[in-house]
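Hello,

Here is the structure I promised to pass on to you.

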Amino acid sequence: MKIKILQHLKNTSTHISGEQISKQLKISRSAIWKNIEELRKDGYLIEATPHLGYTLKSIPDKLLAHEIQDQLQTKFVGKNFVWHDSLESTMSLAFKLGLEGAQEGTVVCAEGQTKGKGRLGRVWNSPKRKGIYLSIILRPSLSLQDVSKLTLLTAVALCEAITKQTRLSGFIKWPNDILMNQKKVSGILTELHAELDQVRFVVIGIGINVNASLQQLPENATSLKCEKGDAINRIALTQEVLRYVENWYEHVLEHGFDLIMKRWKELSLTIGHQIEFVDQNGKVRGKAIDVDEYGGLIIEDHSGIRVKKMSGEVIQL
Ligand code: BT5
């Protein structure tokens, strides 16, 4: 009922009286008043003028499910949208829901995370209401090797969604960092649940620094607001991200990864550049030549020897 009343308030540019809402929704005036109070508690600024009625003045800066789903142009991604004010990590809850059989496209989103996860046990700083922190559950019928390329797909989708919404250009540092002016603005973490050779589900974690100040972020990080100079609408950006992820996901299921690999290379900061690669085996210096069909990075060292790396850290030289 709360959401229906909200819809009425949104559809009215001036005032809507309690009587009008009560007639249209067939509920009592006191029920309306209770729901309006609840909306106010959620952060909606609703003005009440005697004899005229209610006016919606502003909506809260929160990624509430019904705000995201309002005008969300997707078929399945985000249709089940689980929102929390705070979570340890959206990855853990999404994984749990995945095990419990959550439908494909389920999104778990939090305004802040107390134990946001990066790769290899690292931490993702998640200041409250300053970013987008969400995990998407997908159930692709792909081989394990193809699934690793969903990280590349997500990186492309994020760059494109960010540009569409903000006009800012991000570039990809292999495999999962989106950088602006050499600073990290977004990261992706992919986890999967597989049995034998079959993928049960994949959880794609997305962290974007949206309206954070540099003081709220680690060194070498930036936010869209810092780059643009203006605050960014997190709701619209979240909708755009979900739309781009779904579009590319549907594309690869139907046509394979050729186009996404091409797009990834166009947006790559790594390919064609001198890098240092660090993993548990040590360091390799050389030129990043290409990514292979599974998303592995091919590096050519100074003596012309090529090595392929599936996981590790790239330092752009
Ligand atoms: C990542 O790991 O970049 C993956 C980040 C994924 C975060 C999302 S948020 C929603 C979902 N739920 C989670 O719990 N996680 C996912 P990695 O490549 O390992 O980068 C981590 C490193 O980036 C850290 O060691 C820091 O150096 C740096 N870092 C931490 N927080 C950052 C931030 N907010 N912005 C930029 N860099 C950050």
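Helix H1 (residues 2-10) packs against H3 at an angle of about 85°, and their axes lie 9 Å apart. Axes here are lines fitted to C-alpha atoms, for helices over the stretch in contact, and angles run from 0 to 180 degrees between N-to-C directions. That makes H1 roughly perpendicular to H3 (angles under 35 degrees count as roughly parallel, over 145 as roughly antiparallel, 65 to 115 as roughly perpendicular and the rest as oblique). Helices (H or I, at least four residues) and strands (E, at least two) are DSSP runs, numbered from the N terminus.

Before going on, two notes on the source. This is a predicted model, in which local features need pLDDT of at least 70 and side-chain atom pairs count only at pLDDT 80 or more, while totals for chains, interfaces and linings use all residues. Residues are numbered from 1 along each chain as its sequence is written, and side-chain values use heavy atoms, with hydrogens and water left out.

Which residues bring H1 and H3 together? Lys-2, Ile-5, Leu-6 and Leu-9 in H1 meet Ile-32, Asn-35, Ile-36, Glu-38, Leu-39 and Asp-42 in H3, where contact means heavy atoms within 4.5 Å.

Helix H2 has Gly-18, Ile-21, Ser-22 and Leu-25 among its buried residues (buried means under 20% relative accessible area, exposed over 50%, partly exposed in between, with a 1.4 Å probe and protein chains only). Seen down the axis of H2, the buried residues fall within an arc of 100°, so they line one face of the helix; the arc is that of the directions from the helix axis to the C-beta atoms. These buried residues pack against H1, H3 and strand S2 (53-58).

**Backbone details**

Most residues other than glycine have a negative phi, and most peptide bonds are trans. Just after H2, Lys-26 takes a positive phi of about 55°. Lys-26 sits in the loop between helix H2 (18-25) and helix H3 (29-42), and at 73% relative accessibility it counts as exposed.

Arg-129 also has a positive phi, near 60°. Its place is the loop between strand S4 (107-113) and strand S5 (131-138), and it counts as partly exposed at 30% relative accessibility.

The peptide bond from Trp-174 to Pro-175 is cis, with omega near -10°. Pro-175 belongs to the loop between strand S6 (171-173) and strand S7 (177-180).

S5 and strand S9 (residues 198-209) run antiparallel and are joined by 8 bridges, with Ser-135 opposite Gly-205 in S9.

Strand S12 (residues 297-300) pairs with S13 over 4 bridges, and Leu-297 stands opposite Lys-309 in S13.

Best wishes

Technical notes
Two strands pair if DSSP finds at least two bridges between them.
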